[in-house]
Amino acid sequence: MVCRRLHSVLRREYSDQSLYDDAELQTLFLAGKSFIRLGDGEINLLPGLRNVYQSFSESLRDGMRSLIREYRAECPYVLGIPRSITRTNRELAERNRLYIWMPFKVFFWWMFPKNVSYMDAHAFYYDRYFEQVFAPLMRDKKVIVVTNATIVEKMRMNPRIPWKGVDYIETPAEQALGAYDVIVREIAAKVVRKDQTVLLFGLGPLGKMMIKEYSEKGFQSIDVGRGLEAMFTDESLESLI
């Protein structure tokens, strides 16, 4: 009974507000908004569990709580949440996803603002989504990619990357929190004009915290995450959704 009631509340509260559509996201981007996606890994930090890329940290947990609780329409960032949390437990179990999304469903009910819109957290996992929705708006921007060395090398070798000015900042693939100060210094060294720069992050929970910090200082960032792996390629990440 409790589980059915919880799902009923989740479904009602989530569907009463809309996810931003593509045109709205483009308008928000042109207005200077940053974009932060939350998934099961970030939610695991809230009760004190580790993320797949990062051991538990009180500072990351507290930062995640602030990121969620402070979210408002007037924030300089847009939060992304997964569509999957509106599915019934039976639907999730049939797809072998119940154990993944049940914690998010509970924390959304308990902690997330309900009077504001979100983006789809899996947007950048859809084939060519970034290329079609965001990339055309970035033609005249300086792009700085902040992610691990494997993805950086893959992007450097990709002749289909369209931007004329791209800089890369290599980060640890795991436990990136310890490199925070180094990453901040490298970003500062590469940014000439923040109003002409877009930061693309694939940095796990730390990247999400940094995007919040940078957005509050007038920088624009996008939490592309693993979407960087497939950007401007024929690879597909849709099976991961």
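**Ground rules.** Residues are numbered from 1 along each chain as its sequence is written, and side-chain values use heavy atoms, with hydrogens and water left out. Because the model is predicted, local features need pLDDT of at least 70 and side-chain atom pairs count only at pLDDT 80 or more, while totals for chains, interfaces and linings use all residues.

**Entry 1: helix 2.** I took helices (H or I, at least four residues) and strands (E, at least two) as DSSP runs, numbered from the N terminus. I called a residue buried under 20% relative accessible area, exposed over 50%, and partly exposed in between (1.4 Å probe, protein chains only).

Which residues of helix 2 are buried? In this helix, residues 22-30, I found Leu25, Leu28 and Phe29 buried. Seen down the axis, the buried residues of helix 2 fall within an arc of 100 degrees, so they line one face; the arc is that of the directions from the helix axis to the C-beta atoms. Thr27 and Leu30 are exposed, on the face turned away from the buried side.

At the N-terminal end, Asp21 caps helix 2, with a side-chain oxygen 3.2 Å from the backbone nitrogen of Ala23. After the helix comes Gly32, which has a positive phi, near 95 degrees.

**Entry 2: two residues in one loop.** Gln54 sits in the loop between helix 3 (40-45) and helix 4 (58-69). Arg50 is in the loop between helix 3 and helix 4.

Is Gln54 buried or exposed? Its relative accessibility is 6%, so I noted Gln54 as buried. Arg50, at 42%, counts as partly exposed.

For polar contacts I used pairs of N or O atoms within 3.5 Å; within protein, one must be able to donate a hydrogen and the other to accept it, and residues adjacent in sequence count only if both atoms are side-chain atoms. The side chain of Gln54 makes such a contact with the side chain of Gln175, at 3.1 Å. A polar atom of the Gln54 side chain also lies 3.2 Å from the backbone nitrogen of Ala176.

Leaving aside neighbours within four places in sequence, Arg50 is in contact with Asn44, Ser55, Phe56 and Gln175.

**Entry 3: the core.** I defined a nonpolar core as a set of buried Ala, Val, Leu, Ile, Met, Phe, Trp, Tyr and Cys residues joined through side-chain atoms within 4.5 Å. The largest one has 73 residues, and Ile222 is among those with the most contacts inside it. Helix 6 (residues 98-111) gives the most to this core, with six residues. Not counting residues up to four places away in sequence, Ile222 touches several residues, including Phe29, Phe35 and Phe130.

**Entry 4: salt bridges.** Side chains of opposite charge can pair when their charged atoms come close. My criterion was a side-chain nitrogen of Lys or Arg within 4 Å of a carboxyl oxygen of Asp or Glu.

How many salt bridges are there in the whole structure? The search finds 11. In one of them, the closest N and O atoms of Lys142 and Asp167 are 2.5 Å apart.

Glu216 and Lys212 form another, at 2.9 Å. Here Glu216 is partly exposed at 48%, whereas Lys212 is buried at 11%. Salt bridges with shared partners also join Arg37, Lys208 and Asp223 into one network.

How values were computed: Contact means heavy atoms within 4.5 Å.
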